[in-house]
Amino acid sequence: MEEAYGILNDGGENAVIGGGAWIRMLPRELDAAVDISGLGLGTIKKEDGRYEIGSMVTLRQVEMFKPFSELFNGIISKSAGAIMGVSIRNIATAGGSVAGRFGFSDLIPALLALDTSLFFHARGGISLEDYMESKDVGKDILTKITIKDHEGRGWFHTMKNTSLDFAVLNAAVSNSDGRCRIIVGARPYKAVPAYDAMKFMDECGGKTPAAIREAASIAAGELKFGGNQRGSREYRIELCKTLVERGLSEVFL
Ligand SMILES: Cc1cc2nc3c(=O)[nH]c(=O)nc-3n(C[C@H](O)[C@H](O)[C@H](O)COP(=O)(O)OP(=O)(O)OC[C@H]3O[C@@H](n4cnc5c(N)ncnc54)[C@H](O)[C@@H]3O)c2cc1C
């Protein structure tokens, strides 16, 4: 690991290779591609009440890991399983998916809806939420992703024009002891929590259908959306209202 980190930071145009599914498609020339596949980062285990996903674990392993099909109604399995076909999911890694902070990511919203932390070789631990907001993430090696194992309800949906396309919009919602998380991704910008809508839900007395509709409207109003070939800004705003309302209804009603 130390050697890999040293090569990554030797001043050249160097990058870590996870599954290599994404990086190989980029018009980018590297001086050194740092292969971390021999560093024992390919397993999922549970320790001290948290699931630990090694950064080289494939999306397919995440999808098929039995406890994830139950944790928060299976939002982790569902989000990983919504990405392309099995052949890509057998190659693309959890680490590459998170480290890349891709706006289109289906996995990141579900992870953000739970208590998720990242561990980097040099930087150490950081919450996924802080990592997503960091301006400069530097050149480091993500070693593992950890998720707290706790009780709660969850909901994830990705809206795609065809199943193998990138999402037009995706959303993940969770309810843990009445505390709500609402995450919206593929706006087409990176996934973010809808803080005002979450605060509204936490503070509103009854989680009624009317309150849920209001929270969905707040989320659509507070977040920034854009248009691209998959959908217009206006369409995404309407989708956001619909998805958040459905998600909140599932986890609260
Ligand atoms: C054709 C195609 C379609 C896709 N469609 C979707 C989709 O609809 N939804 C979706 O969510 N995702 C989609 N993806 C993305 C996929 O889910 C992965 O996020 C992506 O392939 C990156 O994972 P990887 O293991 O291939 O990473 P790589 O391509 O190896 O690396 C990606 C980036 O992360 C860095 N990196 C990798 N591992 C680490 C590490 N351990 N530490 C630090 N940096 C690291 C690399 O240096 C690089 O910058 C698609 C990918 C492909 C190829």
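Predicted model: local features only at pLDDT ≥ 70, side-chain atom pairs only at ≥ 80, totals over all residues.

Trainee: Which strands pair here, and in what sense?

Mentor: In general, the strands of a sheet pair through backbone hydrogen bonds, in a parallel or an antiparallel manner. Here strand E5 (residues 116-120) pairs with strand E6 (residues 124-127) in the antiparallel sense, over four bridges. The link from E5 to E6 is a hairpin through three residues.

Trainee: What is the strand order in the open sheet of four strands?

Mentor: The order is E8-E9-E10-E11, and the pairing is antiparallel. At the edges are strand E8 (153-160) and strand E11 (192-193), each of which pairs on one side only. Helix H8 (residues 195-203) packs on this sheet, where it touches E10 and E11, and its direction makes about 160° with that of E10.

Trainee: How many bridges join E9 to E10?

Mentor: Seven bridges join strand E9 (residues 167-176) and strand E10 (residues 179-185), and the two run antiparallel.

Trainee: Which strands does H10 lie across?

Mentor: H10 lies across E8, E9 and E10, and runs at about 25° to E9. Within helix H10 (residues 233-252) you will find Cys240.

Trainee: Is Cys240 buried or exposed?

Mentor: The criterion is relative accessible area: under 20% counts as buried, over 50% as exposed. Cys240 has a relative accessible area of 0%, and therefore it is buried.

Trainee: Which residues does Cys240 touch, leaving aside those up to four places away in sequence?

Mentor: Cys240 touches Leu169, Val184, Ala219, Ala220 and Phe225. As a separate reading of distance, Cys240 and Gly81 are 159 residues apart in sequence and 21 Å apart in space, C-alpha to C-alpha.

Trainee: Let us turn to the surface. Where does Met25 lie, and why is Met25 classed as exposed?

Mentor: Met25 lies in the loop between strand E1 (14-17) and strand E2 (32-35). Met25 is classed as exposed because its relative accessible area is 55%, and the exposed class begins over 50%.

Trainee: Which residues form the nonpolar patch with Met25?

Mentor: Trp22, Leu26 and Phe166 form the surface patch with Met25, and together the four have about 350 Å² of accessible area.

Methods:
Residues numbered from 1 in each chain as written. Heavy atoms only, no water. Patch = residues over 30% accessible without salt bridge, like charges linked within 9 Å, V, L, I, M, F, W, Y side chains within 5 Å. Areas by Shrake-Rupley, 256 points an atom, 1.4 Å probe, with all protein chains shown as cover. Salt bridge = Lys/Arg side-chain N within 4 Å of Asp/Glu carboxyl O. Buried < 20%, exposed > 50% of the residue type's maximum accessible area, 1.4 Å probe, protein only. Contact = heavy atoms within 4.5 Å. Pairing = 2+ DSSP bridges. Axes fitted to C-alpha atoms, helices over the stretch in contact; angles between N-to-C directions.
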